[in-house]
2 protein chains.
Amino acid sequence: MTATLTEAGLAGLAARALAGLGLERRDAEDCARILVLGELMGLSTHGVGRIESYGERLDLGGIKARPDIRVHKVAPAIAKVDGDNGVGPLVGMRALRAAMELARETGVGIAFARASNHFGPVAPYSLIAAEAGFASIIGSNASTTIAPWGGRDARLGNSPVGFCVPNPGGQPVILDMALSVVARAKIRNAAKRGEAIPPTWATDKDGKPTTDPNAALGGFLLPIGGHKGYGLALVVDLFAGLLSGAAFLTHVSSWSDNPESPSDLGHFFFLIDCARLGPADRLADRMREFAAIIHDTPPADPASPVLLPGEIELGRLERHRRDGIAIDEALVAKLESLAARQGA
Amino acid sequence: MTATLTEAGLAGLAARALAGLGLERRDAEDCARILVLGELMGLSTHGVGRIESYGERLDLGGIKARPDIRVHKVAPAIAKVDGDNGVGPLVGMRALRAAMELARETGVGIAFARASNHFGPVAPYSLIAAEAGFASIIGSNASTTIAPWGGRDARLGNSPVGFCVPNPGGQPVILDMALSVVARAKIRNAAKRGEAIPPTWATDKDGKPTTDPNAALGGFLLPIGGHKGYGLALVVDLFAGLLSGAAFLTHVSSWSDNPESPSDLGHFFFLIDCARLGPADRLADRMREFAAIIHDTPPADPASPVLLPGEIELGRLERHRRDGIAIDEALVAKLESLAARQGA
């Protein structure tokens with residue numbers, strides 16, 4: 001059974017649930033904004049369902065409900081953000097805002113965040129920045145699931161990274177991806193169905209590509225493009241973890257293995273104020289033409305037109321904003337019960 | 001037969017050859033620096049052998065030997081560079097220098113170049129920036145060889161992109177890659193040998209993956225990671241082509257098909273001054289530890305230790321700087337004959 005909620009209804013419920021967990025009202029709204037946008041884009045593994053796990057981790061003392069997040073401007077265009085082990089999307093929103101302020105001043109702004117946690121999906125941050133006129137490159141490191149290319153030990157996270165260019169008056173292009181060929185969930189599903197997996201998805205525990213999903217679950221995710229995706233996952237950790245002053249590689253503490261320890265994740269937010277590059281109508285014209293060239297590509301399969309990155313997610317967002325979104329009633333009840341906690 | 005040249009000897013020869021083609025002395029040295037670094041890194045398809053083709057294209061009027069390159073600072077941290085259809089590595093060096101100057105001032109600098117040409121390999125720019133203390137993301141668009149994901153027409157370039165983090169007193173990490181699984185040359189080689197290719201390399205002309213190298217040569221290169229690599233190639237063109245004001249997608253004129261027309265390629269150079277993020281010795285310590293964690297990964301094949309991106313190329317550079325580099329005598333003779341032209 002599901003309940004259909006409006007965006008405002010879901011945002012209000014999520015914010016009340018987070019406030020119930022002890023977050024300050026404004027912080028709860030910031031955090032809810034990211035998770036609700038993720039939910040509306042159909043990224044439900046990184047949506048409001050996460051709030052319950054925040055509660056468990058807050059109860060264990062693994063994250064702080066009321067962190068003292070500090071923003072240090074270390075150069076006219078750079079801020080370093082100390083997340084003080086707050087909830088990830090809250091630290092992320094603070095860092096995004098810091099980067100937007102800098103970019104408004106100097107044309108470009110970078111915020112590096114440390115002492116953070118899983119910050120949710122990248123696309124909502126990209127969209128918020130795009131709606132304010134900023135192009136962006138945003139990334140985070142993550143606990144280890146990928147073996148370095150040619151290795152047989154998980155020493156790299158499946159770090160998410162997003163690239164976005166705004167489109168005044170139209171849909172931005174948002175590429176939000178992790179660097180493994182597939183998520184572990186796809187391998188678990190194949191194992192449940194007893195199906196073989198392509199040898200490009202994962203290796204066994206000895207670092208050898210495997211078609212056996214069970215061997216893969218005991219091994220490591222393979223990055224896209226072999227050494228290329230390995231390189232990308234590694235540089236995302238260099239920017240998000242090493243340069244930010246956060247933990248990196250095997251130093252990132254796993255939420256699931258050590259829920260009571262701070263993860264010390266790092267993120268980066270690079271923003272460019274597109275208004276400095278030319279008039280908005282010129283950007284809109286060029287984005288329209290760019291999209292037209294891609295959309296007009298003859299498809300290999302006539303039933304599947306060629307799409308731009310992010311088009312599916314932004315289409316879902318539009319539909320859910322118009323028609324409301326169906327949320328499992330058990331999840332709604334859970335969020336209501338969190339909202340009723342003393343902290344609210 | 002080869003001749004062994006020192007770095008200075010090769011740089012001098014390359015600069016004289018470029019001056020022979022009509023470039024101003026200082027411009028010829030800038031351009032030579034990129035091509036010689038590429039050659040020493042073993043990226044010989046993007047090395048000094050390119051100079052001859054510049055000559056052919058200059059003779060046809062497709063590029064200008066003495067462009068009027070303009071740098072416009074449009075924000076404290078952003079420069080737009082009009083390359084005036086100059087030789088690519090020259091426009092690239094001017095843009096890199098502009099970005100370094102901005103980053104020195106504000107912590108971050110971005111240069112967007114338009115009206116440029118093929119700018120050579122990315123790694124030399126990354127290295128020059130790293131040696132001056134800058135982390136970087138650098139990219140260029142390119143003429144079309146890749147079909148958008150699910151399409152059957154080449155509408156995207158195999159755009160190169162590079163990510164680099166400096167390492168004070170040690171080797172930086174440099175990831176320099178194009179977004180296809182393999183270069184066309186590898187498919188041509190398979191065709192010559194009459195060997196099948198993996199279905200992940202390319203599609204036939206109908207956009208269907210193929211193992212026939214001849215069908216692949218009539219079709220399109222496949223990007224790494226399917227829709228993910230497609231997305232990456234597309235966002236590199238958005239940043240390098242669309243935001244810079246250059247041509248993009250199918251508007252990029254192909255050097256080989258239309259050697260007499262300006263390509264109007266675009267590039268971007270994003271630099272971060274790492275000195276603003278903390279003391280150099282702390283960065284060096286963290287980079288050393290990062291490298292140690294990667295290098296200590298147990299290898300899947302005991303004979304192949306795990307490497308960092310760029311390690312092979314930087315090892316070659318070091319070796320060639322120490323021992324000199326072997327250059328084909330026919331190429332040396334060709335460069336000498338260009339150097340003897342009237343322009344020199």
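**Close-ups of a predicted two-copy model**

Buried residues account for 60% of the 344 residues in chain A, where buried means 20 or more other C-beta atoms within 10 Å of the residue's own, exposed means 12 or fewer, partly exposed is in between, and C-beta atoms are placed from the backbone. This is a predicted model, so local features need pLDDT of at least 70 and side-chain atom pairs count only at pLDDT 80 or more, while totals for chains, interfaces and linings use all residues. Residues are numbered from 1 along each chain as its sequence is written, with chains lettered from A and ligands numbered from 1 in the order in which they are written.

**View 1. Chain A as a whole.** Chain A carries 11 helices and 13 strands; these are DSSP runs, H or I of at least four residues for helices and E of at least two for strands, numbered from the N terminus. Its C-alpha atoms fill a box of roughly 55 × 50 × 50 Å along the principal axes. The radius of gyration of chain A is 20 Å, which agrees with the value near 20 Å for a compact globule of 344 residues; it is taken over C-alpha atoms, and the globule rule is 2.2 Å times the number of residues to the power 0.38. Of the contacts in chain A between residues at least 6 apart in sequence, 64% join residues at least 24 apart (contact: C-beta atoms, placed from the backbone, within 7 Å).

**View 2. The surroundings of A:S44.** Look for A:S44 in the loop between α2 (25-40) and α3 (50-59) of chain A. A:S44 is partly exposed because it has 18 other C-beta atoms within 10 Å. Leaving out residues up to four places away in sequence, A:S44 touches A:E39 and A:G49. A:P279 sits 235 residues away along the chain, and its C-alpha atom is 36 Å from that of A:S44.

**View 3. Where α2(A) meets α5(A).** The axes of α2(A) and helix α5 (residues 123-131) of chain A come within 8 Å and cross at roughly 105 degrees, so the two helices are roughly perpendicular (65 to 115 degrees; under 35 is roughly parallel, over 145 roughly antiparallel, the rest oblique). Axes here are lines fitted to C-alpha atoms over the stretch in contact, with angles from 0 to 180 degrees between N-to-C directions. On the α2(A) side the contact uses A:I34, A:L37 and A:G38, and on the α5(A) side A:P124, A:Y125 and A:L127.

Terms used. Contact = placed C-beta atoms within 7 Å.
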